[in-house]
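Student: Could we go through this model together, one piece at a time?
Tutor: Gladly; here it is.

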Amino acid sequence: MSETTKETIRIQDDLYMAINGDWLKTAVIPSDRHVTGGPADLDQKVEKIMMEDFKAFATGEKTTDIPEMEYAIALYKKVLDTERRNKEGITPVLSTLETIKSIQTMEDLNKEATTLLMQGIELPVQIGVTADMANAEKHAFIIQGPDMILPDTTYYAEGHPMGQQLLSVFKDMTAKILAYTPLSVEEQQTYLEDTIAYDALIAKKVKSRQEWSEYYKSHNPMPTEEVAGYTAPFDLKRLLRDLYGDQAPETVVVYDPRAIKEMNGYFNPENFKLYVHWAYVNALLRSTSCLSEELATLGKTYSRALRGVAEDPEIAKQAYQTASQVYSEPVGIYYGRTYFGSEAKEDVVNLVKKIIATYIHRIKENKFLKESTKEQAIKKLSTIEIKMGYPDTTSEIWSKLVFDANDSLYVIMSQLAKIRTQDNFDKLTKPVDRSEWVMPGHMVNACYEPSSNDITFPAAILQKPFYSLDQSISENLGGIGAVIGHEISHAFDNNGANFDEHGNLKNWWTEEDFAAFKALTQEMIDQFDGIEYHGGKVNGELVVSENIADNGGIAVTLEIMHTLKDPDYKAYFINWAHVWRMKYKEEFIQFMLANDVHSPNVLRTNIPPRNFPEWYEAFGVTENDKMYIAPEKRINIW
């Protein structure tokens, strides 16, 4: 931090800019990315290391004893083979497109639905299998409406600043790609117009991002017979019989009731042709990343516009990204074993246990909970499973993801997707495997999973500035400590509070306690709601779960700070500001305001500390400073 920044921006007025202002002036966002700084810098660092390793794997200079990495390396080389991809052009996907085009009637669709599903062709609804919210040991069959072109239903409103602009980009991109198909010029125009028309119908029925943010409300079990009545004339029961025979589920969990109950608003005999053309265009667009370089670049036009990115990554980076996404767990295990030390793992696990113990103490001292509710909350905290760094072994699915390297990239990716799809549907009759990790070791992120009551911290996030054995404990508490507390707090945010210690959707609260919690939740909504940011406004309801988690993460780690021999509260808050320093493309800022459940990083840095007395004591913040909130307006939930 330079002297100039110190003089122009005081920490007491703007923590984020006082710490990160000079960096923001010089930070350059890479041309193939939408963000730099914070977690994004760590991601770039990991990516650079792993790209070098994959290059060495491909030339035989380096080897690994993880069996599944063999196919990750083969896929990496397949993406790099641009000579073959350019020669093949659009040819690999033509048979798939012809299959869709041949669907002329509703009977054709119902007869071939399972085959289409396995080929990755979109049906009128999305279906899948996941852990049952009501019984986390079992799986449930779920159904919801289709995806939209634009990021959220709000983008379709008249006058939305980016909706029509993005739709124009999508139309132009799609028109150019359709020109590569055997369709006549007239057909190309019709397919595009019908796709836009069908998408507009979908957008009127599916959930908004704000509605999806309350994910516990997705649990809406209904008799299959009833759901099949809503989806008709699409024959859901026939599809289930094809998938499961006599074991077809009698109950289906409807994640998006409006989209299913009012499905005839976007899928009926009168607009059947719209659906077929929409499915054709979607299959075509999804295939482009596996085709020629020209088509792959064209196919990312809309994505680049959405994120404000100037160009695609170089081909070697694309190859690594593809391989590391498709074979995420084996790649993550390789990264963890190679670059994550056992000393760091033990240190962070001990920190997690300390934070959980402190959280339990805070629950015991909580002023708005009755003893019966406290007991349940403590039980939930006491049973949280810690997944740190990377899993010891790969899950069963990864050994199934095999392919013939002589096939085209499109065929290979389609085959791998089919294997994953079949594996997902096969889970319905199997118990939930709680040992599975939801994030791989090379991912710079962390999460709490309510259905299994566990927290996952991939090895890649356990680096400076979040964490280092070389940093002071105060700095680590302001970094990874607050993140750990954040993830634990998700067990008690507006979503997680609805699940018990086993991961089951269950009300374990007294009526009075939950009412008090809801009131505090509303205060958190109000603290952020309507704040102006880059020409838009923060939606307090959309971001409330993450803000509750930030609040809890700071509260629990500040309590630990009080137990230290020489706590450095300034270092704590400075590192809190440091880890969230990020610079985004303006287009992506607008996208996040409408879609991201996290508050903008500036507000995430500046608002949560103001709720705690340690902030005011550390920097002598008074009512004359901008980083001040009156005591009666400060929120401390957990």
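Student: To start, how many residues does helix α20 have, and how far does α20 reach from its first C-alpha to its last?
Tutor: This is a predicted model, in which local features need pLDDT of at least 70 and side-chain atom pairs count only at pLDDT 80 or more, while totals for chains, interfaces and linings use all residues. Residues are numbered from 1 along each chain as its sequence is written, and side-chain values use heavy atoms, with hydrogens and water left out. Helix α20, residues 371-382, has 12 residues and reaches 16 Å, close to the 16 Å expected at 1.5 Å a residue; the expected span is 1.5 Å times one less than the number of residues. Helices here are DSSP runs of H or I with at least four residues, and strands are runs of E with at least two, numbered from the N terminus.

Student: Which residues of α20 are buried?
Tutor: They are T373, K374, A377, I378, K380 and L381, where buried means under 20% relative accessible area, exposed over 50% and partly exposed in between, with a 1.4 Å probe and protein chains only. Seen down the axis of α20, these buried residues fall within an arc of 155°, so they line one face of the helix; the arc is that of the directions from the helix axis to the C-beta atoms.

Student: And what does the face of α20 turned away from its buried side carry?
Tutor: That face carries the exposed residues E371 and E375.

Student: What do the buried residues of α20 pack against?
Tutor: They pack against α19 (342-365), β7 (447-449), α23 (473-489) and α24 (511-528), with contact meaning heavy atoms within 4.5 Å.

Student: Let's switch to α4; which of its residues are buried?
Tutor: In α4, which spans residues 69-80 and reaches 17 Å from its first C-alpha to its last, the buried residues are M69, A72, I73, L75, Y76, K78 and V79. Their packing partners are α3 (38-59), α5 (82-88), α17 (315-326), α18 (328-339) and α22 (409-426).

Student: At what angle do α8 and α14 pack?
Tutor: Helix α8 (residues 163-178) and helix α14 (residues 272-287) pack at an angle of about 85°, with their axes 11 Å apart. The axes are lines fitted to C-alpha atoms, for helices over the stretch in contact, and angles run from 0 to 180 degrees between N-to-C directions. The two helices α8 and α14 are therefore roughly perpendicular to each other, given that angles of 65 to 115 degrees count as roughly perpendicular, under 35 as roughly parallel, over 145 as roughly antiparallel and the rest as oblique.

Student: Which residues meet where α8 and α14 pack?
Tutor: From α8, F170, M173, T174, I177 and L178 meet Y280, V281, L284 and L285 of α14. By class, this contact of α8 with α14 has eight nonpolar, one polar and no charged residues, where Ala, Val, Leu, Ile, Met, Phe, Trp, Tyr, Cys and Pro count as nonpolar, Asp, Glu, Lys and Arg as charged, and the others, Gly among them, as polar.

Student: How far apart are the axes of α9 and α14?
Tutor: The axes of α9 (residues 185-203) and α14 are 8 Å apart, and the helices pack at an angle of about 105°, which makes α9 roughly perpendicular to α14. The residues in contact include Y191, D194 and Y198 of α9 and K273, W278 and Y280 of α14. The contact of α9 with α14 divides into 10 nonpolar, three polar and two charged residues.

Student: New topic, the backbone: which peptide bond is cis with omega near 15°?
Tutor: That is the bond from A232 to P233, and P233 is found in the loop between α11 (224-231) and α12 (236-244). The bond from K464 to P465 is also cis, with omega near 0°, and P465 sits in the loop between β8 (454-458) and α23. As background, most residues other than glycine have a negative phi, and most peptide bonds are trans.

Student: What about phi of N453?
Tutor: Phi of N453 is near 50°, a positive value in a residue other than glycine. N453 lies in the loop between β7 and β8 and is buried, with a relative accessible area of 0%.

Student: Is H534 buried, partly exposed or exposed?
Tutor: H534 counts as partly exposed, at 39% relative accessibility. Its phi is near 50°, and H534 is placed in the loop between β9 (532-533) and β10 (536-537).
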